[in-house]
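This report describes the structure shown below.

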Amino acid sequence: MERTYAPVTDDEADVVGLIAYSTLAAMTRLAKDGDQSPNFTIHAEHARMSARAFTIFTQVEAWCAHRGVDLDAVGQNYEGLFDDLDARTRPTTWYERSVKTYVTLGVIADFLQEVAQGHGLFEGADWDLGQGEWERTHLAPVIASDEQLSARLSLWARRVAGEVLGLMRATLFTHPHLVDSPEEGDALMERITARHGERMSEINLRA
């Protein structure tokens, strides 16, 4: 018996477009990090993370195909979303690049999860790319052993966080249907900011 799927509202389709576009952006970011990595092993590890992001994209693509959602159209709504963020936070070292990805992907992942849950989408989905665990395993000990590096990267992380959190607030303003109300948007951002602080402490940086 052929399975039937519940119809998707325009607001739900727009959320899916944001998720799909952000997933492709994460894939590209991780691939670039791998290309700039200091050795072959790290390059390969980041290539696997990038491939994981593309696998998630294909899952979203299949979800859309089953429900008649034009993924190209809804994804296009967010074209260029992260361009200004990247232009204003250009890393100058591998450590800055790695921390930028950790901060950015962490905040965006929390944002997407909150918005998706608010619309009852993709409940229980496991979309962890592994980058956070990689940072906690490989970068956190280096930061802990170098006070000067920790101080420098803490300043950098705060700069990146300010930009990405500001971008998420702006996205809620330009796409108000992502949440039920402005008050819910404020509460969402408070939760995301708190979790960002927790992630910073996990790699020995000060938020």
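## Aromatic pairs

Five aromatic pairs are held in the structure, where rings of Phe, Tyr and Trp (for Trp, the six-membered ring) pair if their centres lie within 6.5 Å, and planes under 30 degrees apart count as stacked, over 60 as edge-to-face and the rest as tilted. One of them is stacked, because the rings of Phe54 and Phe57 have their centres 5.9 Å apart and their planes at 25°. Phe54 and Phe57 are separated by about one helical turn, being three residues apart in helix H2 (residues 40-67); helices (H or I, at least four residues) and strands (E, at least two) are DSSP runs, numbered from the N terminus. Phe54 counts as partly exposed, at 40% relative accessibility, whereas Phe57, at 12%, counts as buried. Buried means under 20% relative accessible area, exposed over 50%, and partly exposed in between, with a 1.4 Å probe and protein chains only.

Trp94 and Trp134 form an edge-to-face aromatic pair, with 6.4 Å from centre to centre and 90° between the planes. Trp94 lies in helix H5 and Trp134 in helix H6, so the pair ties together parts that are 40 residues apart in sequence. Both Trp94 and Trp134 are buried. Elsewhere, Trp63, Phe122 and Trp127 form one aromatic cluster.

## Basis of the model

The model is predicted: local features need pLDDT of at least 70, side-chain atom pairs count only at pLDDT 80 or more, and totals for chains, interfaces and linings use all residues. Residues are numbered from 1 along each chain as its sequence is written, and side-chain values use heavy atoms, with hydrogens and water left out.

## Overall architecture

The chain has eight helices and zero strands, and its pattern along the sequence reads α-α-α-α-α-α-α-α. Along its principal axes, the C-alpha trace spans about 60 × 40 × 30 Å.

Of the 207 residues, 46% count as buried. Among contacts (heavy atoms within 4.5 Å) between residues at least 6 apart in sequence, 85% join residues at least 24 apart.

## Surface and charge

The accessible surface of the chain comes to about 10,800 Å², and 51% of this belongs to carbon and sulfur atoms. Accessible areas come from the Shrake-Rupley method with a 1.4 Å probe.

There are 19 positive and 33 negative side chains, and the centres of the two sets lie 7 Å apart. Lys and Arg count as positive and Asp and Glu as negative, while His and the chain ends are not counted; the place of a charge is taken as NZ of Lys, CZ of Arg, CG of Asp or CD of Glu.

## Two single positions

Arg191 is found in helix H8 (residues 182-202) and counts as partly exposed, at 31% relative accessibility. Leaving aside neighbours within four places in sequence, Arg191 is in contact with Glu114 and Glu184. Arg191 and Gly80, 111 residues apart in sequence, are 26 Å apart in space, C-alpha to C-alpha.

Gly130 is placed in the loop between helix H5 (94-118) and helix H6 (131-144). Gly130 is partly exposed, with a relative accessible area of 25%. The C-alpha atoms of Gly130 and Gln59 are separated by 17 Å, the two residues being 71 apart along the chain.
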